[in-house]
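Have the structure open while you read.

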Amino acid sequence: MEKKMKKSGFARYMKQEWQLYILVFLPLVHLLLFKYGAYTGLATAFCKYKVATGLGDFVGFDNFIKIFKHRDFTKAVRNTLLLNVLDLVFSFPMPIILALLLNEIRVKWFKRTTQTLLYLPHFLSWVVIGSVAYQMFGVTNGVVNALITSGGHSPIPFLQDDAWWLVTYVLIGVWQTMGWGTIIYLSAITNVSPDLYEAARVDGANRLQQCIHITLPCIRSTIVIMLILQLGKIMGGSFERIMALSNAKTTEFTTTIPVLMYRWGIEASKFSEATALGLFQSVIGVTLVILSDRVAKKLGEDGLL
């Protein structure tokens, strides 16, 4: 009887909300095919693979041993960690700071306009951003260097020198990503009770003290979740970002794990080695997410897993 009632309730709900199930059907199919269905391709990392014949003999961990001994592997791991740690240090706190500053703006139209302008770069392709970057930071015809030389100084090779390329890469990443995080933190700040701010003002706390002692502790769980997600990407990095900003003169920091997978898999047709490298990257990423989540739970935060 109970099972019959459950079935009738589910059927009634399906009949009433069939439009929602149609909307979720295509994303669900995409998820199953391209996220979970692709897991069968991981067998390529443990076999000899050729396009003409497909999966060949099982070789165990030979492909992993081969990539670990490759001359570019250590450099790729080093660059991947370097670029992502720099992103974590500079890009992660910026949305928090911007959210705190925007939260203090009382003029609504100015706040909304500023928030929109900060969010717009999130929708730009890295191909577009890379093209604009070369127009802005070029040595001979860049707008920034034109202003520098007009002031009597020598032009700076922002994208033609390895050290300056690294600085430019990080700054452009901060600019492109800060708008998305700002919206998330602003949404979290709206859930903070106004009574807490009122009590703090009665006690004589200024706006800075309110931000430090009320706003930040109240959005701490959101900060921890965003940090855990960021740590999961620390062995990945943006392939499009590196390809859009790289050039023949700056090659010291452009060899990363995603770039190496592209070179091996697409350019050299070494699909087994590329798959093994991708699996290595994914395992490290999942491990970091699990460890950071466990640490967050021990610190009293709600983890993700």
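What follows is a short tour of contacts and surface features.

## Ground rules

This is a predicted model, so local features need pLDDT of at least 70 and side-chain atom pairs count only at pLDDT 80 or more, while totals for chains, interfaces and linings use all residues. Residues are numbered from 1 along each chain as its sequence is written, and side-chain values use heavy atoms, with hydrogens and water left out.

## Salt bridges

There are 7 salt bridges (a side-chain nitrogen of Lys or Arg within 4 Å of a carboxyl oxygen of Asp or Glu). One of them pairs Glu273 with Lys66, with the closest N and O atoms 3.3 Å apart. That pair links distant parts of the chain, 207 residues apart: Glu273 sits in helix H15 (residues 271-298) and Lys66 in helix H3 (residues 62-69). Helices here are DSSP runs of H or I, at least four residues, numbered from the N terminus.

Glu273 is buried at 13% relative accessible area, whereas Lys66 is partly exposed at 46% (buried is under 20%, exposed over 50%, partly exposed in between, with a 1.4 Å probe and protein chains only). Arg294 and Asp293 also form a salt bridge, at 3.2 Å between the closest N and O atoms; Asp293 is buried at 0%.

## Cysteines

The disulfide count is 0, taking a disulfide as a pair of cysteine sulfur atoms within 2.5 Å. Cys211 is buried, at 10%.

How values were computed: Helices (H or I, at least four residues) and strands (E, at least two) are DSSP runs, numbered from the N terminus.
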